[in-house]
Each structure stands twice: as structure tokens, then as C-alpha cells.
Amino acid sequence: MTRARGADRRASIVRAAFEVIAERGYRGTSLAAVAERVGLTQQGLMHYFPTKEDLLAAVLETRDEWDLLHFGHARPGDPSAISVSQLAELVDYNATRPGIVQTYTVLSADSVTEDHPARQYFHDRYARVRAGMTQMLERHRDELPPGTTPEQLAPLAVAVLDGLQLQWLLDPEEVDMSAGFRTFLALLGVKPD
């Protein structure tokens, strides 16, 4: 019972962190604010998440799981079965949650430093996403530009997604993330399935 209660508490902390991040953005989020939202002291919250980065990494992992479950995937963390249409829908979905996209963007950039607590998470996540993107593009191999392979295009597709997110965060009035990604798919010759 104690283990289940601990898991429930962790889940409620992560949900509260989502709310606070959506309201205040990454920089405005503090462990104290999240702790207050769930009725804990900051020290009590730190029993579950010792640092702000640990909490935000849990938010990102949970976000990935929710995204994949939202699009009907049975195995969270496995993007290999996602379709082009579902990926475009995910871009649309991300356009409705700037706080979460901002958190992802900031943490992914911060994680390139050697001692960042989310470094391994982002390393592993990008490896999974590139592999999943390669598998998705493999199903459209005949549509791809001549002389290209899914393996070559997968990291470029991930870079386009991340780059569009960053530009959209900086200038949402000028950058349409959804339209930009659909234009990229058209340039690749990939039609939604």
C-alpha cells in the first residue's frame, strides 16, 4: 500500500508541475510552487524529486507517455508505430500547449552540458525518436526524394520538428508550426497515411 501511495503522490506532483509550468513557464516554476500546489512542503516534495531538473525530467517522460497513449500506442516510449498523420496531429497538439513545449525546448538545450541530470534522458529519447522516424519513413521509402534514405532523413525530420518548435516559441504570430511541418512533409514527398 505504501508503494502505491508513493506512486500516486509522484503522479500528483508531476500533474501539479504540468500546471505550474503551463502557468509560469520553465523559469517561473519552482519546487516550492509545485509543493504548495500539492499540499507539501518543499522538503517533502524533494523526497520524491530532489531537484527541479529531476522533476522536469519526470514531466517530460510523462509527457512522452501521454503523447503516445493519446495517439493509441500500447507501449509508451516506443514511437516506431506512429504514422505520418499521427505525427502531424502531434505537432498540432503541441501547438496547444506552449508551456510544455517551452519546458521541453529549454531542458533539451540545457541537457547538452556534461553534468545535466536530464542528459541521459534526452540522449536516449533522441535515439528512440530517430529510430521511430526512420521506421515511419521506411514505410514511405518510394515517396522519398531520389538518392535519400530513411536513415538520412530521420535526423533532419527531428531537427525540423525541434527547430519549428523553437521558432514558434520565439514568434508564434509569424511561425505556424503545423503548416511548417506539413510543408516539410510535402518537400519530402511523404503523404499522410
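Me: Is Arg 37 buried, partly exposed or exposed?
Reply: Arg 37 is partly exposed, with a relative accessible area of 34%. Buried means under 20% relative accessible area, exposed over 50%, and partly exposed in between (1.4 Å probe, protein chains only). This is a predicted model, where local features need pLDDT of at least 70, side-chain atom pairs count only at pLDDT 80 or more, and totals for chains, interfaces and linings use all residues. Residues are numbered from 1 along each chain as its sequence is written, and side-chain values use heavy atoms, with hydrogens and water left out.

Me: Which residue forms a salt bridge with Arg 37?
Reply: The partner is Glu 19, and the closest N and O atoms are 3.0 Å apart. A salt bridge is a side-chain nitrogen of Lys or Arg within 4 Å of a carboxyl oxygen of Asp or Glu. Arg 37 lies in helix H2 (residues 31-38) and Glu 19 in helix H1 (residues 2-28), so the pair ties together parts that are 18 residues apart in sequence. Helices (H or I, at least four residues) are DSSP runs, numbered from the N terminus.

Me: And Glu 19, buried or exposed or partly exposed?
Reply: Glu 19 counts as partly exposed, at 41% relative accessibility.

Me: New topic: how many salt bridges does the structure hold?
Reply: The structure holds 5 salt bridges. Among them, Asp 92 and Arg 182 meet at 2.9 Å, N to O. Asp 92 is in helix H5 (residues 84-94) and Arg 182 in helix H9 (residues 177-188), 90 residues apart.

Me: Which residues are linked in a network?
Reply: Salt bridges link Glu 138, Arg 141 and Glu 151 in a network.

Definitions and conventions: Helices (H or I, at least four residues) and strands (E, at least two) are DSSP runs, numbered from the N terminus.
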